[in-house]
Amino acid sequence: MKSAKGQERTRDLVINGALLLLVIIWTIPTLGLFISSFRTRFDIQTSGWWKVLPHREWVQIEELEIPEGVDPNGIMEIEGVTGTFEEFRAGITNEDGRQITWSGNKRLGTIRINEQKWVIIPRLTTDNYGQVLAGKTYEIQTASGEIRQVQGDNLIGAFLNSITVAVPATIIPILIAAFAAYGFAWMKFPGRKVLFIMVVALLVIPLQIALVPILRDYVQLDLNGTFLAIWLAHTGFGLPLATYLLFNYIRGLPRDILESAFIDGASHFTIFLRLIIPLSIPALASFAIFQFLWVWNDYLVALVFIGAKPNVQVLTMRIAEMVGSRGADWHLLTAGAFVSMILPLIVFFSLQRFFVRGMLAGSVKG
Amino acid sequence: MAEATQSKHSIKTIFEWFTTTIGQIIVAIIVPLITGFVMIKGFIFLRDGNAPKYVIALVAIIWGVGGVALIYFVTNWLIEKLPPQWMARLQPFLFVGPAVVILSWYMAIPTIRTFILSLKDRNGELFVGLENYIAVFTQRIMTVAFRNNLLWIIFGATLSVIFGLLVAVLADRSRFEKFAKSMIFLPMAISFVGAGVIWNFIYEVKEAGSAQIGLLNAIWVGLGGQPQAWTAMLQPWNNLFLIIIVIWLQTGFAMVIFSAAIKGIPGELLEAARVDGATEVQVFFRIMIPYIMGTIITVTTTVVIFTLKIFDVVMVMTGGQFATHVIATQFYRQAFTNQNKGYASAIAIVLVLAVVPVMIYNLRQFAEEEAF
């Protein structure tokens, strides 16, 4: 009995230990981004983000003149250590654990004595977030000729636009795909196989293929820059995967539940609404999370179909705009990336509770 | 009194009239018309309206989601009014029709047009036969791209699935399941631009002697090595450093789906096996794996296809330099930078052909099940 308990504890330890290790590995890169988002531009470019954590570093404790009679071109002896100029430039460690370095050039140098000490770089700032949230300032020349400073739109408008794009662009494809998945899984009709082949084949099509033809259609239909246009585009690009995943799930549902419903005289539509949808909640929720993330983080589709219309611009476009073409504004990108992560994480945490054990098992027994 | 009876009577006759055939037909016409009218009004309001942002957001969401649901309901309502044999014939098309129409417009027709273009020259004017395809399979830069895609599938897809399954199983038995799953999932919430920045903090290289701001080089130099440009050196193994990024991003995807599947395994089944003295490893290989085999196939297919299409990470990290081009980045380069429509289209079609084995496997599964 005792050994069984001990075994259990070991197993617990192994499971939790392995998981913890994976979690740490997975978190380190994000932690780096998170810490960097609170650092100044200069700090980001000159020292590693982990330097904000306590670490040992050489700290200068003394600075000396170059002693008389030392020849920088030969072997020198300074502060009890010997070496060439190059060796002193790199730093020589003496027996006390102190480092003696030659700072400057051969003629006009100083000797620095360093010691290892625990240090942190405490300079943290929320300026990056301030800049990202408040927007840049622009100079605008009015009709009368005067120049005014105008504060750029803050991120709230773009945030609302992103929500307006992402919520329907998540629900619409799931709804359409769930209907189609049920149709392919449990209904007989001519062309079932051919159409399903089409769906699976389209899984692999890179969406770049479709951008130009669809854009042309949108211009003709005067749909460009509307929410409907971008919803439909995301629906089109998300449908193959949504249909495929939901098909696999819905086909895997026990056949006897459907059979008994048919015997009770229910129609396909009723079965779909009353039986399939509630049973598929875990699959629907899983896919909803992913579709939402893809739409939320999408830049390419938004760029092509929303274009330059400022009143419908989404978050990713605004952030990309902020960074500009220089690409070196890491400090802004770090904060922007975090702002744009907030909502996806809320969605994940709120949908996580749907993955409950035994959802399916209970329904089969009942 | 008499008047009240009178009006009651007339209301009754109105209702009765609605049940006649002509009445039904008129209702059947009016309801879709009203639906259509409301939808169009909503669209115009959204496009031209000047309401405050949050109002537009709210209306748009209700209009978009509600509109699609309404279309299904109204159409089904119409179909269920038809004679039974017509209903049986039409209802499947209500279910799959919208998906098929949208897929045709957004994906199938552009694909066919791409195929036709792949047989033409760079301006899409003259037919050149299979010339583009011959070029795709013989040019060195394309063979490098094919090799890289193979590396992506062998390492990227496989490890994403394995890590995803591992985390899902471990988390299921762990005391901090929610926390662990959230942390593994976290990278999924980051856009590719964000991921590029994050991994620059890992892979960044500075000259020897100056402070390293990339974590990997800091460790490497600390161990006595020379600073390395990880994503540029040691071709073709520099691809592995890009693949790591995608494993980091995709494992969350595999994990969530596996986790949902594992939750679907009846608790009694696992309990019975454990009572019978099965070890955890036996439970995993003999019960869990066979039970969720369908899910494993689904996830693997999806991840392989993702990996085959990989584009953003390569574009953000190296732009395809240092022999890191993959098929999708080559397609993009040929289509948008080189403006060689024919050649780009041929690359895209090759990408489609690459997935044929995966398709065949899935269709075989499809044929096994019978429908109602």
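**View 1. A:Ile100 and its bridge partners.** A:Ile100 has A:Ile113 as its bridge partner in β6(A). In β5(A), A:Ile100 is in turn the bridge partner of A:Ile92. The model is predicted; local features need pLDDT of at least 70, side-chain atom pairs count only at pLDDT 80 or more, and totals for chains, interfaces and linings use all residues. Residues are numbered from 1 along each chain as its sequence is written, while chains are lettered from A and ligands numbered from 1 in the order in which they are written.

**View 2. The open sheet of chain A.** Four strands line up as β1-β6-β5-β4 in chain A, with antiparallel pairing. β1 (55-64) and β4 (92-93) of chain A stand at the edges with a single partner strand each, so one side of each lacks a neighbour in the sheet. Strands are DSSP runs of E with at least two residues, helices are runs of H or I with at least four, and both are numbered from the N terminus. Two strands pair if DSSP finds at least two bridges between them. Strands of a sheet pair through backbone hydrogen bonds, either parallel or antiparallel.

**View 3. Two hairpins in chain A.** Strands β5 (residues 98-104) and β6 (residues 109-119) of chain A pair in the antiparallel sense over seven bridges. A:Ser103 stands opposite A:Thr110 in β6(A). Four residues lie between β5(A) and β6(A) in their hairpin. β4(A) and β5(A) also run antiparallel, joined by two bridges. Their hairpin has four residues between the strands, and there A:Gly97 takes a positive phi near 80°.

**View 4. The largest nonpolar core.** This core holds 183 residues, of which A:Ile230 and A:Leu246 touch the most other members. A nonpolar core is a set of buried Ala, Val, Leu, Ile, Met, Phe, Trp, Tyr and Cys residues joined through C-beta atoms within 7 Å. Helix α5 (residues 155-186) of chain A gives the most to the core, 21 residues. Leaving out residues up to four places away in sequence, A:Ile230 touches A:Val165, A:Ala169, A:Val301, A:Ala302, A:Phe305 and A:Ile306. Contact here means C-beta atoms, placed from the backbone, within 7 Å.

View 5. Chain A has 15 helices and eight strands. Of its 366 residues, 38% count as buried. Buried residues have 20 or more other C-beta atoms within 10 Å of their own, with C-beta atoms placed from the backbone; exposed ones have 12 or fewer, and partly exposed ones fall in between. The domain assignment gives domain 1 (2-36), domain 2 (54-119) and domain 3 (155-365) of chain A. Such bounds come from an automatic or database domain assignment. The C-alpha centres of domain 2 and domain 3 of chain A lie 63 Å apart.

**View 6. Chain B and its contact with chain A.** Chain B has 17 helices and zero strands. Of its 372 residues, 40% count as buried. The contact takes 95 residues from chain B and 104 residues from chain A. Helix α4 (residues 84-118) of chain B supplies the largest share of the chain B side, 18 residues. That side divides into 68 nonpolar, 16 polar and eleven charged residues. Here Ala, Val, Leu, Ile, Met, Phe, Trp, Tyr, Cys and Pro count as nonpolar, Asp, Glu, Lys and Arg as charged, and the others, Gly among them, as polar.

Notes
Contact = placed C-beta atoms within 7 Å.
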